[in-house]
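I opened my notebook to get to know a new fold.

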Amino acid sequence: MKQLFAIFGNPVSHSKSPLMHNLTFKGLGYDSCYVRYLLKDGSKLKETFFALSLKGINITVPHKEHAFNACDVLDPFAQKIGVVNTIVEREGKLHGYNTDAPGFLKAIAEFKDVKTVLFLGAGGTAQSTSSILRDEKYEVTLLNRSEGRLEKYNNDGFETYTFETFVPKAYDLVINMTSAGLEDDSLPAPQALLDGVIPKAKACVDVIYGKETPFLKLAKSHNKPTKDGSDMLLYQGIIAFEHFTNYAYSFEEIKPHMQQAFDFN
Ligand code: NDP
């Protein structure tokens, strides 16, 4: 039977996920369809899911915590971080996963001999990715514009700084986890601070995709290898597709099909 999948978010019109998943369904001959759904009220996530007779969804901003609360069964990592971006219905129960973090982990695996990582930003994406990096024995330090969001990380034992308290030192990877540069031309931290860490880094990474941010431009001006957020987006989608199709296809089987979505602009 044809299955229906969707992405829930607000806004959702920009999402690449329908293209990524539909190209993969078509390429693998899997008779399903993936649509976008503007969900305004996150507390209606579960009833909307069943009203639309969906088999699975991805969840984007601002509903990832609502998604966590809607699940009947959580995989251990999603349970730990409290953030769900993928739900699959099995026998009437909603199973929740987080694929952003393992997608990110795979995206940075190409950088070898990396131990210390500086996160610029401490929002939702930093939350799941810092947790998985720590599980994988990376040492994550967080530098954030304001203090409020750092409290949780302090309580979890991470080293954290604001722009006022930070003293630049060497980190193997410097990663922009903020939305600075997404819709403006701002850097994620004052340039003087970035000029203190970028030259000592092995590479710089941005989670923003589809454009060269001021942060990545600055990293290139220091002759550093750079990487944007496209692979993170691709890999979280592949891992979600594995869950959607009950592991009928391997990561490598899914990848060439989903990758085609990045040929479109
Ligand atoms: P949140 O809203 O949860 O957090 C935003 C963070 O950015 C906060 O730490 C905030 O600092 C900081 N920030 C925002 N604007 C600025 C600025 N001008 N200067 C300095 N710091 C700033 O966002 P998310 O974690 O959900 O998303 C972060 C980024 O990750 C977005 O750009 C998003 O597009 C990207 N993303 C990419 C994915 C991918 O697959 N490639 C997947 C998911 C997200 P403060 O606490 O001071 O407000």
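**Entry 1: a strand pair.** I began with strand β3 (residues 56-59) and strand β5 (residues 86-90), which pair in the antiparallel sense over three bridges. Helices (H or I, at least four residues) and strands (E, at least two) are DSSP runs, numbered from the N terminus, and two strands pair if DSSP finds at least two bridges between them. Gly 56 stands opposite Val 88 in β5.

A note on what I am reading: this is a predicted model, in which local features need pLDDT of at least 70, side-chain atom pairs count only at pLDDT 80 or more, and totals for chains, interfaces and linings use all residues. Residues are numbered from 1 along each chain as its sequence is written, and side-chain values use heavy atoms, with hydrogens and water left out.

**Entry 2: the sheet around that pair.** In what order do the six strands of the mixed open sheet lie? I read β2-β1-β3-β5-β6-β4. Its edge strands, β2 (32-38) and β4 (73-74), each pair on one side only.

Next I looked at the helices on this sheet. Helix α1 (residues 17-28) lies across β1 (3-9), β2 and β3, and runs at about 170° to β2. Helix α10 (residues 230-244) also packs on the sheet, where it touches β1, β2, β3, β5 and β6 (93-97), and its direction makes about 10° with that of β5. Contact here means heavy atoms within 4.5 Å; axes are lines fitted to C-alpha atoms, for helices over the stretch in contact, and angles run from 0 to 180 degrees between N-to-C directions.

Entry 3: Most residues other than glycine have a negative phi, and most peptide bonds are trans. I noted some exceptions. A cis peptide bond joins Asn 10 and Pro 11, with omega about 10°, and Pro 11 lies in the loop between β1 and α1. Another cis bond joins Val 61 and Pro 62, with omega about 0°; Pro 62 is in the loop between β3 and α3. Glu 91, in the loop between β5 and β6, has a positive phi of about 50° although it is not a glycine.

**Entry 4: a residue from the record.** Which residue does UniProt list for "active site" (unreviewed entry)? UniProt lists Lys 64; such annotations may be inferred rather than shown by experiment, feature names are shortened, and positions follow the numbering used here. I found Lys 64 in helix α3 (residues 64-70). Leaving aside neighbours within four places in sequence, Lys 64 is in contact with Ile 59, Val 83, Val 84, Asn 85 and Asp 100.

**Entry 5: the other sheet I looked up.** Six strands form an open sheet in the order β9-β8-β7-β10-β11-β12, and the pairing is parallel. The edge strands β9 (159-162) and β12 (226-227) each pair on one side only. Strand β10 (residues 173-176) pairs with β11 in the parallel sense over four bridges, and Leu 173 stands opposite Ala 203 in β11. Helix α9 (residues 214-221) packs on this sheet, touching β7 (116-120), β10, β11 and β12, and its direction makes about 170° with that of β11.
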